Amino acid sequence: MITAEQKPIQEIIGYIAPYGKILLVGCNECVTVCAAGGRKEVGLLASALHLNSLKQGKTIDIKEITLERQCDPEYVEELISYINDVDAVVSMACGCGVQTIAGRYNTPVFPAVNTKFMGASKSQGIWEERCQGCGDCMLGITGGICPVARCSKSLLNGPCGGTSAGQCEIGPDTDCAWRLIWERLVELGIQDRYEELNEAKDWRPAGGAGPRRIIREDLA
Amino acid sequence: MKTESRLEKVFAAGHIAVTSEVGPPRGCDVDIVEKKANMIKDHVDGINITDNQTAMVRMSSIAGAVIVKNMGLDPIIQMVARDRNRLAMQADIIGAYSLGINTMLCLSGDHPKFGDHPTAKAVYDVDSVNMIKMVTDMRDTGKFQGGADIKMPPKMFVGAAANPFADPFELRVARLAKKAKAGVDFIQTQCIFNMDKFETWMKGVCDRGLDKEVKILAGITPMKSVGMARYMKNKVPGMDVPDEVIKRLEGVSKEQQPEEGIKMAIEQMERMKEIPGVAGFHIMAIEWEERVAEIVEGAGLYPRPQV
Ligand code: SF4
Ligand code: SF4
């Protein structure tokens with residue numbers, strides 16, 4: 001899923017300072033799962049913003065709503081009944097959600113979260129990067145461990161010389177992806193695979209050829 | 001002969017090769033490069049010019065190499081995958097060759113996190129293995145990585161690094177095999193302090209016949225002090241400094257430690273000369289270039305062959 005973290009509250013306060021009526025919009029998908037921008041976080045942020053304006057002797061009107069999926073125009077359409085009554089929108093969805101709203105309504109939209117990465121939950125409260133959407137998945141030849149996202153240098157033929165005690169040179173709390181790949185290949189009994197050269201990557205499907213798009217004729 | 005490289009000629013004539021390095025200054029002072037190169041020039045067959053070493057901005061490797069070349073010496077440029085995409089790499093390889101540089105080293109490069117521009121975006125378009133393949137293909141097939149023909153292709157003698165110590169150890173010979181497959185001509189290893197582990201690695205290398213495909217220069221770094229030894233053990237990624245090394249330096253007075261360090265380097269080289277597959281030495285005397293001559297002489301490798 002896409003992971004996100006709430007922005008520092010002062011940054012959000014700065015964005016909405018000129019406005020009195022705010023529509024605060026959460027999303028029921030990824031940001032709910034990573035506890036950054038679901039219904040609960042919408043409520044918490046609304047309270048924090050109210051508290052802040054009270055302290056400053058101002059009033060602020062916040063309408064809270066959490067959409068099923070903010071990156072989907074169909075759900076974003078639901079904002080139509082509120083949008084004319086507000087001065088600005090604060091979105092707690094990932095950057096895709098923020099942009100879907102910005103593309104639909106003529107009202108200023110501000111992000112309340114920093115969109116981080118495509119990751120998986122490692123354990124309660126911990127998410128780690130797992131994929132960079134390179135558009136040409138190599139997991140089938142790297143034992144199910146991604147060198148693009150999980151090697152700090154995205155080396156296709158690692159490990160580099162900096163690996164220390166099996167950890168990445170950037171720090172002891174990051175596994176060396178190539179150590180993991182090697183161990184996995186050994187576990188699967190296919191370590192010979194390691195010596196096959198992974199040729200220089202074609203970065204076009206990864207975004208090197210400009211913004212990416214999928215067109216499914218059967219669905220469009 | 002694939003190239004005009006002096007290093008290639010030294011290997012071809014069956015000599016034990018010696019290389020060393022010059023770190024360019026963090027500014028435009030040409031004198032620094034000349035001074036450092038002058039200290040080692042008669043005792044080596046090639047001089048590495050580092051490329052933004054430890055991710056700190058310095059005079060470029062190619063510029064430093066041209067200065068050294070103009071002194072009538074044999075520079076080896078280094079190129080890190082961190083700072084250039086494949087277009088910039090190939091442009092620089094052609095540029096360097098056009099300026100008379102015929103030997104280079106392909107490296108991953110330290111992560112920018114450690115340097116003086118930690119906010120930089122690292123490139124890593126191609127990794128060091130694919131860089132080797134790219135530059136040997138430019139030489140042997142006369143083609144750019146993108147497939148087009150090169151008019152007057154550059155003929156580089158191509159090296160790379162190897163770390164015989166990093167875990168998992170079994171992977172280390174396989175990794176060298178991969179670089180050999182990519183076409184690398186020579187290897188300069190990480191600084192070696194753990195001799196037993198190095199011997200085990202070399203045995204793995206020779207068992208697979210890789211020493212026949214690739215010339216291996218053993219990395220030598222003389223210790224200036226016990227403080228330096230401890231720092232390298234604890235702070236430098238991928239370094240393996242056994243306790244005996246530290247103990248031996250602790251065993252002599254502070255004033256005697258530099259002499260002991262030099263002595264240890266020479267003893268190491270004497271022992272390594274007997275290890276099958278070792279084709280030479282790469283001496284990394286960090287900010288201690290003035291002692292390289294004495295190490296080379298001490299190890300019985302002076303004068304250098306005229307090739
Ligand atoms: S190889 Fe590409 S698509 Fe597959 S997990 Fe890694 S970044 Fe994602
Ligand atoms: S230590 Fe491993 S994960 Fe880190 S940059 Fe090197 S190869 Fe990649």
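**Figure 1. The salt bridge between E195(A) and R208(B).** In this predicted model, the side chains of E195(A) and R208(B) form a salt bridge, with 2.6 Å from N to O. The term stands for a side-chain nitrogen of Lys or Arg within 4 Å of a carboxyl oxygen of Asp or Glu. One salt bridge is counted between chain A and chain B. The side of chain A that touches chain B has 12 nonpolar, nine polar and seven charged residues. Here Ala, Val, Leu, Ile, Met, Phe, Trp, Tyr, Cys and Pro count as nonpolar, Asp, Glu, Lys and Arg as charged, and the others, Gly among them, as polar.

**Figure 2. The interface of chain A and chain B.** Chain A gives 28 residues and chain B gives 32 residues to the contact (heavy atoms within 4.5 Å). The buried area is about 2,600 Å², and carbon and sulfur atoms give 53% of this. Buried area is the accessible area (1.4 Å probe) that two parts lose on being put together, summed over both.

**Figure 3. The residues around ligand 1.** The shell consists of R130(A), C131(A), Q132(A), G133(A), C134(A), C137(A), M138(A), L139(A), C146(A) and V148(A); a residue belongs here if one of its heavy atoms lies within 4 Å of the molecule. By class, seven are nonpolar, two polar and one charged.

**Figure 4. The largest cavity.** A cavity is a set of points, on a 1 Å grid over the protein atoms alone, where a 1.4 Å probe fits but cannot get out; lining residues have an atom within 4 Å of a point. Grid points are joined across faces, edges and corners, and a volume is the space filled by probe spheres set on the points. The structure has four cavities of 30 Å³ or more, and the largest holds about 110 Å³ of space. Its lining has 14 residues, of which C151(A), S152(A), C160(A), C168(A) and C176(A) are the closest to the centre.

**Figure 5. The second largest cavity.** This cavity holds about 40 Å³ of space. Among its lining residues are K153(A), L155(A) and K201(A), as well as Y124(B), D125(B) and N130(B). The lining has five nonpolar, two polar and four charged residues.

**Notes.** Residues are numbered from 1 along each chain as its sequence is written, while chains are lettered from A and ligands numbered from 1 in the order in which they are written. Local features need pLDDT of at least 70, side-chain atom pairs count only at pLDDT 80 or more, and totals for chains, interfaces and linings use all residues; side-chain values use heavy atoms, with hydrogens and water left out.

Terms used
1 Å grid on protein atoms, 1.4 Å probe; cavity = no way out; pocket = protein on both sides within 12 Å on 5 of 7 lines; lining within 4 Å.
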